[in-house]
Amino acid sequence: LGPAPGLGGWRRDWLRRAFARALGGALERLGWRQPVLWFFNARAGFVLGPPAARAFPGGVGPAVYHAVDDLRQVAGADAEEIERAEAFLAARAARVIASAPPLFERLRRLAPDRALHWPNVADFERFHRAADPAAEIPRAITALPRPRIVFAGHLTPSKLDVPLLDRAIERRPLWQWIFIGPVWEGADSEAIRRWARFPNVRLMGAVPYDQLPEWLAGADALIIPYRRDSSAESVCPLKFFEYLATGKPIAATRLPALEPFGGVVPLSEGAEDFLQSLERALAGGAERRREQRLALGRRHSWLNRMREVEKLLAELESP
């Protein structure tokens, strides 16, 4: 966290001091002396410099900057401010971590000997419930004919390749295109809401997170049809690793963060390539592919990530 973006002058300075005092007070109450500070937003890195650092009576230990998104691409963001904050934090952090290759390359230029590439991970055990043949699939899914092509996530034109999906829905009218998640409430939302007019499309709305695996269990294939533009270049979709845990076939557009996994999951360029990937997935295939997806999902689980975190913390704490 950090002060609201766009504020300057005395407002920004006052909020920074207040933020640092609140954080320092919380650490003092917890009795934490010289803790490792793990930042996900570079704009909060100011607490490492004067005068904010004086709010920590016991001082702070090593810092870690973990970038999981390119915050410069957020609507209304001050890209120059974020770049300055990243440079400040990267210069002081013991490690910088990035979830996607473009983010990693940028941070490696700032901290050549301290940069790590950690793709996202998922709750494997939770989403592996979808691989259970006895999973209780909701009636809203089982009532639909097959094949069922499922996307789960926030439905926003800023991420989804709407023209690709328009063409895919039109070209495969006998497939059921199922979208699970809230529709973005913005000026461009009609581009997605109009899909509901097609008889082969279902906009299911938001589903409780704990129930999502059972909804995915009813899919014949899972999709990540993201745009290829500057806003998506540094996206490492969490849903990719959730999908892997289900064992279901996956089709995705070609994103830099997914390139390392292209040998297990086909990556597409354009609508025709995307549809052909889905055709091959629906045609079946060897059990080996399913086991490859599950094995990849297990490697990118929270259990393994916490082992990596523990190892890193031990390195930072060693004299």
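Colleague: With which residue does Asp220 form a salt bridge, and how far apart are the closest N and O atoms?

Modeller: Please keep in mind that this is a predicted model, in which local features need pLDDT of at least 70 and side-chain atom pairs count only at pLDDT 80 or more, while totals for chains, interfaces and linings use all residues. Residues are numbered from 1 along each chain as its sequence is written, and side-chain values use heavy atoms, with hydrogens and water left out. A salt bridge is a side-chain nitrogen of Lys or Arg within 4 Å of a carboxyl oxygen of Asp or Glu, and the partner of Asp220 is Arg146, with the closest N and O atoms at 2.8 Å.

Colleague: Where in the chain do Asp220 and Arg146 lie, and how many residues apart are they?

Modeller: Helices (H or I, at least four residues) and strands (E, at least two) are DSSP runs, numbered from the N terminus. Asp220 lies in the loop between H8 and strand S8 (221-224), whereas Arg146 lies in the loop between H5 and strand S5 (148-152). The pair thus links distant parts of the chain, with a separation of 74 residues.

Colleague: Is Arg146 buried or exposed?

Modeller: Buried means under 20% relative accessible area, exposed over 50%, and partly exposed in between (1.4 Å probe, protein chains only). Asp220, at 18% relative accessibility, counts as buried. Arg146 stands at 53%, so the word for Arg146 is exposed.

Colleague: Which residue meets Glu214 in a salt bridge?

Modeller: Glu214 is in helix H8 (residues 212-217), and its partner sits 85 residues apart from it, in the loop between helix H4 (124-127) and helix H5 (139-142). The N to O distance is 3.0 Å, and the partner is Arg129.

Colleague: How many salt bridges does the structure hold?

Modeller: Side chains of opposite charge can pair when their charged atoms come close. One further example joins Asp229 and Arg227, at 2.6 Å from N to O. Salt bridges that share partners also join Asp70, Arg72, Glu83, Glu86 and Arg106 into one network. For the structure, the number is 24.

Colleague: Leaving aside neighbours within four places in sequence, which residues is Arg106 in contact with?

Modeller: Arg106 is found in helix H3 (residues 101-110), and it is buried, with a relative accessible area of 12%. Contact means heavy atoms within 4.5 Å, and by that rule the residues are Asp70, Arg72 and Glu86.
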